[in-house]
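Keep the coordinates open while reading.

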Amino acid sequence: MQDSSPSPLLPESVRRLAAWCAVALLVSGVGYVGVLLCVQFRAAVIPVLLALLGTALLLPLHRRLVRAGVQRSLSAGLTCVAVVAVVGGAVYIVVSALIDSGDQIIASLRIAARDLTRHFGAAGTSLDDIASNARGLLSRFGGTAASGVISGVSVVGQAFAMAVLALLLVFFFLRDSDRAADALRALVPRGSGDTVTAVARRAFQAVEGFMRGTTLIALIDALCITVGLLVLKVPGAVGLGALVFVGAYIPYLGAFISGAVAVLVALADRGFVIALWVLGVVLAVQLLEGHVLQPMIQSRTVQMHPAAVLLAITAGASVAGIVGMLMAVPLTAAAVGVLSELRRRHTAPGGQAPPPASP
């Protein structure tokens, strides 16, 4: 007896491809809407994300204080005070170093610019012409300049408010970190509590490992480059070292920018030979980081391909500027950790979920 059921109009492979395309479109649409919402409410989203990164970095110190017998609220407060002291000290070092060596660097750059315009400049490109043109533009567009200053002051005020909010959120996240799993279970459906908790724990572990590893690597890079700049007598060596430390949180791109600034400062003040030596120091530190520090320190954290890192940095910069560049890689690490945990749970033998990862 022949089978009278109608044959499908499309082959199995085409239907499977169509299903995957539908899933991809749905996920892309949800992600796009999520990004738009984050951009719309960035005044609240950015402090929360910064607080999560700060919590991931500071949670080990908070746990040690709690194990030592310090009350949780006091431990969180002491940790936040330590953060303010460290960040404030770093800002003071950078600003004081730039103030001390700023005039010397500007004078050297002015001499270099005059030499370049003498040999390669066109008419109207000398420093005097540029200064006169700038004065003319300032007199014609003084109102625009004043509004730009006002908007700049407003941006600084918003950044300060977000920083204060992020610091307060770090305090609450640290103090209530032991109740995070129970709060998450109460928010999700009853049958998926274990899965959601395990996924959230894996994502936070990825961010925590990335932040700790990057901070240690940034500290080593900054110390090595600062020592090299001090030996070569480059002005503003301490400030340039602090810039290297901050730039290390933006993989590849931050190291390139901070190293280029150090080389340009050495070229403007100490000449071509010293600039080559500074370039050698920067390249040697980057080789040390790529071949020794990264494999040793971040061997247990989420490893991502350099192309994925660069794409994440570009996307973060297009969405949220410098803040997006800083948060792109740890958020991508969290996403990779989530996918890894989901794949591990769904590919467990016998269809049973494996035991949750240790906190």
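Helices (H or I, at least four residues) and strands (E, at least two) are DSSP runs, numbered from the N terminus. The model is predicted: local features need pLDDT of at least 70, side-chain atom pairs count only at pLDDT 80 or more, and totals for chains, interfaces and linings use all residues. Residues are numbered from 1 along each chain as its sequence is written, and side-chain values use heavy atoms, with hydrogens and water left out.

## Overall make-up

The chain has 11 helices and 0 strands. Its pattern along the sequence is α-α-α-α-α-α-α-α-α-α-α. Of its 359 residues, 27% count as buried. Buried means under 20% relative accessible area, exposed means over 50%, and partly exposed lies in between (1.4 Å probe, protein chains only).

Which share of the contacts with a separation of 6 or more comes from residues 24 or more positions apart? Such residues account for 70% of them. A contact means heavy atoms within 4.5 Å.

The accessible surface of the chain comes to about 22,800 Å². Carbon and sulfur atoms hold 72% of that surface. Accessible areas come from the Shrake-Rupley method with a 1.4 Å probe; for residues, only the protein chains shown count as cover.

## A buried glutamate

E208 sits in helix α7 (residues 193–231). Is E208 buried or exposed? E208 counts as buried, because its relative accessibility is 6%. Leaving aside neighbours within four places in sequence, E208 is in contact with A56, L59, P60 and R63.

## Salt bridges

A search of the whole structure finds 5 salt bridges. Each is a side-chain nitrogen of Lys or Arg within 4 Å of a carboxyl oxygen of Asp or Glu.

| E12 | R15 | 2.8 Å |

E12 and R15 both belong to helix α1 (residues 12–40). They are 3 residues apart, so about one helical turn separates them. E12 is partly exposed at 42% relative accessibility. R15 is also partly exposed, at 39%. Salt bridges link E12, R15 and R16 in a network.

D176 is partly exposed, with a relative accessible area of 22%. R175 is partly exposed as well, at 26%.

## The end of α9

R270 lies in helix α9 (residues 253–270). At 35% relative accessibility, R270 counts as partly exposed. What does R270 touch, not counting residues up to four places away in sequence? Its partners are L232, K233, V234 and P235. P235 and R270 are 35 residues apart along the chain, and their C-alpha atoms are separated by 8.8 Å.

## A nonpolar surface patch

L264, L267, F272, V273, L276, W277, L279 and L283 make a nonpolar surface patch of about 840 Å². Patches are made of residues with over 30% relative accessible area and no salt bridge; like charges are joined within 9 Å, and nonpolar side chains (Val, Leu, Ile, Met, Phe, Trp, Tyr) within 5 Å.

Which helices each supply at least two residues of this patch? They are α9 and α10 (272–297). The largest share, 6 residues, comes from α10. F272 is in helix α10. F272 counts as exposed because its relative accessibility is 58%.

## Aromatic rings and cysteines

The structure holds 1 aromatic pair. The rings of F171 and F172 have their centres 5.3 Å apart and their planes at 70 degrees, so the pair is edge-to-face. Rings of Phe, Tyr and Trp (its six-membered ring) pair if their centres lie within 6.5 Å; planes under 30 degrees apart count as stacked, over 60 as edge-to-face and the rest as tilted. F172 is partly exposed, with a relative accessible area of 37%.

How many disulfides does the structure hold? The count is 0. A disulfide is a covalent bond between the sulfur atoms of two cysteines. The cut-off used here is a pair of cysteine sulfur atoms within 2.5 Å. C21 is partly exposed at 40% relative accessibility, whereas C80 is buried, with a relative accessible area of 7%.
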